[in-house]
Amino acid sequence: LLLLSQDQDLQRDQDLQRDQNDAPVSSSDPLDAAGCQLRSSDPEQQAAALETLWSATCADSVDAANKIHAAGMVPCLTQLLSSPDHSVQVGAAATLGNVVRVLPAACTQAAAAGAVPTLIQLLGSDPDDTLLLRYAVGALESIADDAEQGSAGMQAAVEPLVELLSCEDISTQSRAVGCLWSVMRHVEEAR
């Protein structure tokens, strides 16, 4: 009887171990959870994820940027710049800007994913959409500042950046000046 009981306990323990190994891994790291939400097709989940990622990059920018880059979220952020959902576009531009500002490897990854032409396209957004413009210019400036990525496709940014110099939002104007400076440092044709 004792042997039967031990066999049942052993079987139960093995079943429990197998169930635990087959169970989906849950993470208490909010960045991991945000990474899953970011890849959702639901704009509300994407916007919530972007809020988490943006807040993390504001609070602890280098550590959060490293985690975002290591998790392969930079190409996803770049894709979300083209989202039809405005809040997703703004969140993606803000988060991408924070990540590429502190992490040169993320500049390379963003440029390879097509961030430069997409950000340049966003510069032609509604001039009253100062939040999107400000974040798009900031992200573009950070990529332009990167010595390796600074010249790739940046000449196309000159005209829309010059147009932003007449924007009513002083912060957008300031960022446009900084971005123009960065572009001109790396692109001879823009001088």
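Reader: To start with, how many helices and strands does the protein have?
Author: The predicted model has 11 helices and zero strands. Read along the sequence, the pattern is α-α-α-α-α-α-α-α-α-α-α.

Reader: And what percentage of the residues is buried?
Author: Of the 191 residues in the protein, 43% are buried.

Reader: Let us turn to the nonpolar core. How many residues are in the largest one, and which have the most contacts inside it?
Author: The largest nonpolar core contains 54 residues, and Leu38, Leu119, Leu140, Ile143 and Leu161 have the most contacts inside it. H9 supplies the largest share of this core, with nine residues. As a general background, nonpolar side chains in soluble globular proteins tend to be buried together.

Reader: Which residues does Leu140 touch, leaving aside neighbours within four places in sequence?
Author: Leu140 is in contact with Val116, Leu119, Ile120, Leu123, Met154, Ala157 and Cys179, once neighbours within four places in sequence are set aside.

Reader: Cys179 is in H11, I see. At what angle do H9 and H11 cross?
Author: The axes of H9, residues 130–145, and H11, residues 170–186, cross at roughly 25 degrees and come within 9 Å. Because angles under 35 degrees count as roughly parallel, H9 and H11 are roughly parallel to each other. The crossing of H9 past H11 is left-handed.

Reader: Which residues make that contact?
Author: From H9, the residues are Thr130, Leu133, Arg134, Tyr135, Val137, Gly138, Leu140, Glu141, Ala144 and Asp145. They meet Ser171, Thr172, Arg175, Ala176, Gly178, Cys179, Ser182, Val183, Arg185 and His186 in H11. By class, the contact of H9 with H11 comprises eight nonpolar, seven polar and five charged residues.

Reader: Changing topic: how do H2 and H3 pack?
Author: H2, residues 30–38, and H3, residues 43–59, pack at an angle of about 145 degrees with their axes 8 Å apart. H2 passes H3 in a left-handed crossing. In H2, Pro30, Leu31, Ala34, Gln37 and Leu38 meet H3 residues including Gln45, Ala49, Leu53 and Ala56. The residues of this contact divide into nine nonpolar, four polar and no charged.

Reader: What surrounds Leu53, apart from its neighbours within four places in sequence?
Author: Leu53 is in contact with Leu31, Ala34, Leu38, Ile68, Met73 and Thr95. Leu53 lies in helix H3 and is buried, with a relative accessible area of 0%. Asn98 is 45 residues from Leu53 in sequence, and their C-alpha atoms are 9.7 Å apart.

Reader: Where does Met73 lie?
Author: Met73 is in the loop between helix H4 (61–70) and helix H5 (74–80). Met73 has 2% relative accessibility and so counts as buried. Neighbours within four places aside, the contacts of Met73 are Leu31, Gly35, Leu38, Arg39, Leu53 and Ile68. The C-alpha atoms of Met73 and Leu96, 23 residues apart along the chain, are 9.4 Å apart.

Reader: Leu96 is in H6. How far apart are the axes of H6 and H7, and at what angle do they pack?
Author: The axes of H6, residues 86–102, and H7, residues 104–112, are 5 Å apart, at an angle of about 130 degrees. H6 and H7 are therefore oblique to each other, and H6 passes H7 in a left-handed crossing.

Reader: Which residues meet there?
Author: Leu96, Val99, Val100 and Val102 in H6 meet Pro104, Ala106, Cys107 and Ala110 in H7. This contact of H6 with H7 has eight nonpolar residues, no polar and no charged.

Notes: Residues numbered from 1 in each chain as written. Predicted model: local features only at pLDDT ≥ 70, side-chain atom pairs only at ≥ 80, totals over all residues. Heavy atoms only, no water. Axes fitted to C-alpha atoms, helices over the stretch in contact; angles between N-to-C directions. Helix = DSSP H or I, 4+ residues; strand = E, 2+ residues; numbered from the N terminus. Parallel < 35°, antiparallel > 145°, perpendicular 65-115°, else oblique. Left-handed = near helix turned anticlockwise from the far one by under 90°. Contact = heavy atoms within 4.5 Å. Nonpolar A, V, L, I, M, F, W, Y, C, P; charged D, E, K, R; others polar. Core = buried A, V, L, I, M, F, W, Y, C linked by side-chain atoms within 4.5 Å. Buried < 20%, exposed > 50% of the residue type's maximum accessible area, 1.4 Å probe, protein only.
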